[in-house]
Amino acid sequence: MDAIVLLREDHKTVEKLFKEFEKAGDEAYGEKRRIVERVIEELTVHAVIEEEVFYPAAREAAPDTEDHVLESVEEHHVVVWMLSELAGMDPEDERFDAKMTVLMENVRHHVEEEEKDWFPEVRKAMGRNRLLEIGERLEQAKQTATRDPLKVPSAQK
Ligand SMILES: [Fe+2]
Ligand SMILES: [Fe+2]
């Protein structure tokens, strides 16, 4: 699969979970806990494969977008720390919904920047064959990626 198509699919999966969370009732604690578990897994794996495979390849293909990549890593840093906090949090905690809301704002902003400005530039610079090759590496990296947000490379520093 084309690398950018694969990453967009991941973004869609996460957005669907966000919508489910927003629809869940205030006191649907069990449901919200389950949704958050899936958000943690999806976003952790997604951050790992972007940081280990896609970001370095994109940076090499489109060096002009280096600042964007570096800012993206800092945004991942914030997101994975929030995920690690949500992992251990009781959904009845008064900060749980607020933390999820801020996480969703951060992720939506990050995804919009990736998709609107950056992906088109990377697509142009990489070309179809390279995108397919990177897509295959992304799929492989998904199999072995950590599910622990604090083991994502950007969690450090
Ligand atoms: Fe990202
Ligand atoms: Fe992404």
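My entries follow, from the annotation down to single residues.

**Starting point.** I kept in mind that this is a predicted model. I checked UniProt, where an unreviewed entry lists residues 3-121 as "domain: Hemerythrin-like". I then looked at that span: 86% of it is helix and 0% is strand. Its end C-alpha atoms lie 13 Å apart.

**The core.** I looked up the largest nonpolar core and found 32 residues in it. Which of them touch the most other members? They are Ala3, Leu43, Phe54 and Val79. H2 gives the most, with twelve residues. A friendly reminder to myself: nonpolar side chains tend to be buried together in soluble globular proteins.

**Leucine 43.** Val79 had already come up with Leu43 among the core members that touch the most others.

**Helix H4.** I went along H4 and noted its buried residues: Met100, Leu103, Val107, Glu114, Val122 and Met126. What do they pack against? The buried residues of H4 pack against H1, H2, H3 and H5. I also found a kink of about 50° in H4 at tryptophan 118, shortly before proline 120. Finally, I checked what follows H4: glycine 127, with a positive phi near 80°.

Methods
Residues are numbered from 1 along each chain as its sequence is written. Chains are lettered from A and ligands numbered from 1 in the order in which they are written. This is a predicted model: local features need pLDDT of at least 70, side-chain atom pairs count only at pLDDT 80 or more; totals for chains, interfaces and linings use all residues. UniProt positions are given in the numbering used here, feature names are shortened, and annotations may be inferred rather than shown by experiment. Helices (H or I, at least four residues) and strands (E, at least two) are DSSP runs, numbered from the N terminus. A nonpolar core is a set of buried Ala, Val, Leu, Ile, Met, Phe, Trp, Tyr and Cys residues joined through C-beta atoms within 7 Å. A residue is buried if 20 or more other C-beta atoms lie within 10 Å of its own, exposed if 12 or fewer, and partly exposed in between; C-beta atoms are placed from the backbone. The bend at a residue is the angle between axes fitted to the seven residues ending there and the seven starting there. Two residues are in contact if their C-beta atoms, placed from the backbone, lie within 7 Å.
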